[in-house]
Amino acid sequence: MTYSNGVDGTVPELKLRVEDSENGDYVKLRGRSDEEEEGSSAESSGCSIGSVTSVWFWVKLISLVVCLVSLAFVIIKWVGPFLIEKELIPFINWVRNTFSIPVLGLLLFASVALFPSILLPSSPSMWMAGLTFGYGKGFLLILSAASIGVTLPFLIGHLFLHKMQEWLKKYPKKAAILRAAGEGTWFHQFQAVTLIRVSPFPYIIYNYCALATGVHYGPYILGSLVGMVPEIFVSIYTGIMLRTLAVASDTRHTLSVVEIVVNVLGFCVTASATIVCTIYAKKKLSAMQSEDVETLQNPIL
C-alpha cells in the first residue's frame with residue numbers, strides 16, 4: 001500500500017514475499033514492481049545480444065584481415081615477381097631502347113594533355129613519368145600537361161553547352177554537386193572544384209560538364225590543379241616503386257630490410273593520405289549538396 005506524504009509524492013510500495021526453497025523458507029523484501037523487473041530482464045537480454053553482435057563483428061574483422069594478409073602474401077611472393085619479370089622489365093627495356101629521354105618526355109606530356117579530351121585515363125602515363133623522371137621533373141611535367149588536359153575539354157564544352165545544360169536539368173540530384181561548383185564567390189567555386197577533383201567523382205566527365213554549371217575558368221583551372229596534386233603524387237610514387245622493384249628483380253638484387261620498410265611505409269602513408277582526403281572531400285561535397293537542395297526548396301524571397 002502507498003502513503004501520501006502530504007506534499008506531492010508517495011512512498012514506494014514495499015512487497016513482502018515468502019518463498020520456499022530447498023534449504024527452507026526465506027523472506028524477500030522487494031522495492032520494485034513486476035514491470036520494473038521485466039524491464040531489467042529486457043535490458044539484460046539486450047546487453048547479451050549486443051555482446052554477441054560485438055563478438056561477431058570482431059570475428060568478421062579478423063577474418064577479413066587474415067584474408068587480406070594472405071592475398072598480399074600471394075601477390076608479393078608469386079604474382080608480383082612474375083608480372084615484374086615477364087611484363088614490366090621487358091616493357092621498360094623496350095621503352096629505353098626505343099625512345100630517348102627527351103622524346104619520351106614529349107610523348108608522356110602529350111598523352112597526359114590529350115587523353116582526358118578523348119575520355120582516356122592518363123594514370124599509366126603518370127606512372128611512367130614518375131618511373132622515368134622521379135618526383136621533381138615528373139611532378140612539373142605532369143602538372144603542366146594536366147593544365148592543358150583540363151583546359152581543352154573546358155573549351156570544347158562550348159560546342160555541347162546546351163546538351164550539357166539539358167543533362168543537368170534532367171538529373172537534378174546527380175547534378176547538384178556540379179551545380180554547387182558554379183555558384184557563389186570565386187573562392188567558393190575554387191573550393192568546390194578542388195573537392196570534386198579530390199573526390200571519387202569521374203573528373204573526365206566533369207571536364208566537359210564544368211562550363212554548363214557556370215564556373216569561371218580561373219577557379220576551375222586553379223582548383224583542378226590543386227585537387228589533382230594527391231593523385232599526381234600517388235602516380236609518381238607508384239612509378240618509382242615499380243622502378244625499384246624492376247631494378248631489384250633485373251639485377252637479382254634482394255631489397256634490404258630498410259628499403260622494404262621505407263617503401264611499405266611510404267606506400268601506406270601515401271595511400272592513407274589519399275583516402276583521408278577523399279573521405280573529407282566527399283563529406284564536404286555532401287554538405288554543399290544538402291545546402292544547395294535546401295536553397296532550392298526554400299528560396300530567399
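Trp186 and Phe190 sit four residues apart in helix α6 (residues 186-198), so about one helical turn separates them. Their ring centres are 5.9 Å apart with planes at 15°, so this pair counts as stacked; rings of Phe, Tyr and Trp (its six-membered ring) pair if their centres lie within 6.5 Å, with planes under 30 degrees apart called stacked, over 60 edge-to-face and the rest tilted. Trp186 is partly exposed at a relative accessible area of 45%, while Phe190 is buried at 17% (buried is under 20% relative accessible area, exposed over 50%, partly exposed in between, with a 1.4 Å probe and protein chains only).

All of this comes from a predicted model, where local features need pLDDT of at least 70, side-chain atom pairs count only at pLDDT 80 or more, and totals for chains, interfaces and linings use all residues. Residues are numbered from 1 along each chain as its sequence is written, and side-chain values use heavy atoms, leaving out hydrogens and water.

The structure holds nine aromatic pairs. In one of them, Phe154 and Tyr220 have ring centres 4.6 Å apart and planes at 25°, so they are stacked too. That pair ties together distant parts of the chain, with Phe154 in helix α3 (residues 123-156) and Tyr220 in helix α8 (residues 217-227), 66 residues apart. Both Phe154 and Tyr220 are buried. Ring pairs also join Phe154, Tyr206, Tyr217 and Tyr220 into a cluster.

As for the fold, the chain has ten helices and two strands (DSSP runs numbered from the N terminus: helices are H or I of at least four residues, strands E of at least two). Of its 301 residues, 30% are buried.
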